[in-house]
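Please consult the sequence and structure shown here.

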Amino acid sequence: KIELKHGSHRIGKRTDEVMQKWRGYGLGQFIHWGLYAIPGGEWNGKQYNGAAEWIRSWNGIPKSTYDSLIYKFNPVNFNADEWATTAKQMGAKYVTITTKHHDGFCLWPSKYTSYTVANSPWKKDIMKPLVDAYDKAGIDVILYFSVMDWNHPGWRYDIKTKEDSVAFEGFKQFTRNQLIELLTMYPTAKGLWFDGTWDKSWVKQAEFADQLETEMRKLRPGLIIGSRFRADEKGKRHFDANNVLMGDYEQGWERKLPNKIEDVHGNDWDCVMTVPENQWGYNKAWKGHIKTANELIEMTAKSVSLGGNFVLNFGPQGDGAIRKEEKQLATQIGNWMKINKEAIYNCQYAGLEKQDWGYFTKKTGGNKLYMVVFNAPVSGAYRVKLPAKMGITKAYALATPTQSLSTEEIHTNEYFIHLKKQGGDQPFVIVLETKNSS
Ligand SMILES: C[C@@H]1N[C@@H](C#Cc2ccccc2)[C@H](O)[C@@H]1O
């Protein structure tokens, strides 16, 4: 075991109420919104092939021109309640909102920089109405914060010279001041989602970042901070030099999902996912494969079946409106959640691996197993192998709870659940009420 001062400070999952609630969210919404939504992935008629929120890093738009977009920020169609309603209709239990992305533009009137909404034509705070609207909708708010800040003169990719070091010290204080400011201005926020922490300059700040995390947790007891915030003194991120998770949950599942329970190493985790291949901010073009509602519902079920949450990204337009394709997906997913949410909310890994027909989830603290079906067997016979001594007392389709399904024991602890082919192209859920014959 390597002696570490700034590695992980906890072994195993958090057991407090705030984290237990987080663990049961199942489905969340990510919002990426900022100046990058104005160009929407193109400039002067030329398309940027990267992620739209990274357009400033493209040589197709001069940096100063991008930075001057602050004077065009006037989202006349911004309506915080509409965003929160979209999330509510989808069935999201939490939302992660970009307060400041890599370009450094602040959606709140920070007093530590002039590069904020306060100095745009919009003038008003964006974060306060959003936090209030989501709180009112009963959706918990997590604040996304990019440490990397291309607008701040003190940011460095690495620290090589004395000048770098002096500049970065100022940047570190600026970063701390902004984080304390955010936690003070929006005290109902349940957590911070850090990004832009991969550059050497920040990876070298093990002691500072550890002390800052401690200060934030002291200011806001119960605050949820993921594994991406800080590195240990060996430069290790997400998992420290003893391979112990940093922070409260694993934050490495960006646009990818684990496939088996061993992949998540017994940790809490969430997957953040884009609708196109790789566009977080609004992109006019939305090229390539656009994920369907069924694909996203399957990713949600797969995440919950492996003990995690699934967070779907929305990239509102520069005028503040949510694009129609995203609204349609929210409605389709929400219609499915209305019927099947019992198999998603407050559910966990059932101790059973992925099946030919789909995924098992298990109600936390209960005796119900859920079979979330994506591939119905042509025979109508669903093979189910349960842990020893676990019997089935009742089986039924969640949509028709009064119609019990016939259950045939074919081997010890192995059953066929018989369900005639369902119509339609929607995944569905079969409930198994179980009892332990110990
Ligand atoms: C949550 C996602 N993380 C950000 C990123 C990134 C990235 C992409 C490629 C190489 C290094 C970093 C995206 O812009 C989005 O905010």
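## Basis

This is a predicted model, in which local features need pLDDT of at least 70 and side-chain atom pairs count only at pLDDT 80 or more, while totals for chains, interfaces and linings use all residues. Residues are numbered from 1 along each chain as its sequence is written, and side-chain values use heavy atoms, with hydrogens and water left out.

## Helix α7

Helices (H or I, at least four residues) and strands (E, at least two) are DSSP runs, numbered from the N terminus. The buried residues of α7 (buried: under 20% relative accessible area, 1.4 Å probe, protein chains only) are A206, F208, A209, D210, L212, E213 and M216. Their cover includes α5 (162-185), β6 (191-195), α6 (200-203) and β7 (224-225), with contact taken as heavy atoms within 4.5 Å.

## Salt bridges

A salt bridge places a side-chain nitrogen of Lys or Arg within 4 Å of a carboxyl oxygen of Asp or Glu; the structure holds 29 of them. R14 pairs with D248, the closest N and O atoms being 2.9 Å apart. R14 lies in the segment before α1 (17-23) and D248 in the loop between β7 and β8 (250-254), so the pair ties together parts that are 234 residues apart in sequence. Both R14 and D248 are buried.

D195 forms a salt bridge with R228, with closest N and O atoms 2.9 Å apart. D195 belongs to strand β6 and R228 to the loop between β7 and β8, 33 residues apart. The relative accessible area is 8% for D195 and 7% for R228. Salt bridges with shared partners join R10, R14, D16, D210, E213, R217, R230 and D248 into one network.

Conventions
Buried means under 20% relative accessible area, exposed over 50%, partly exposed in between (1.4 Å probe, protein chains only).
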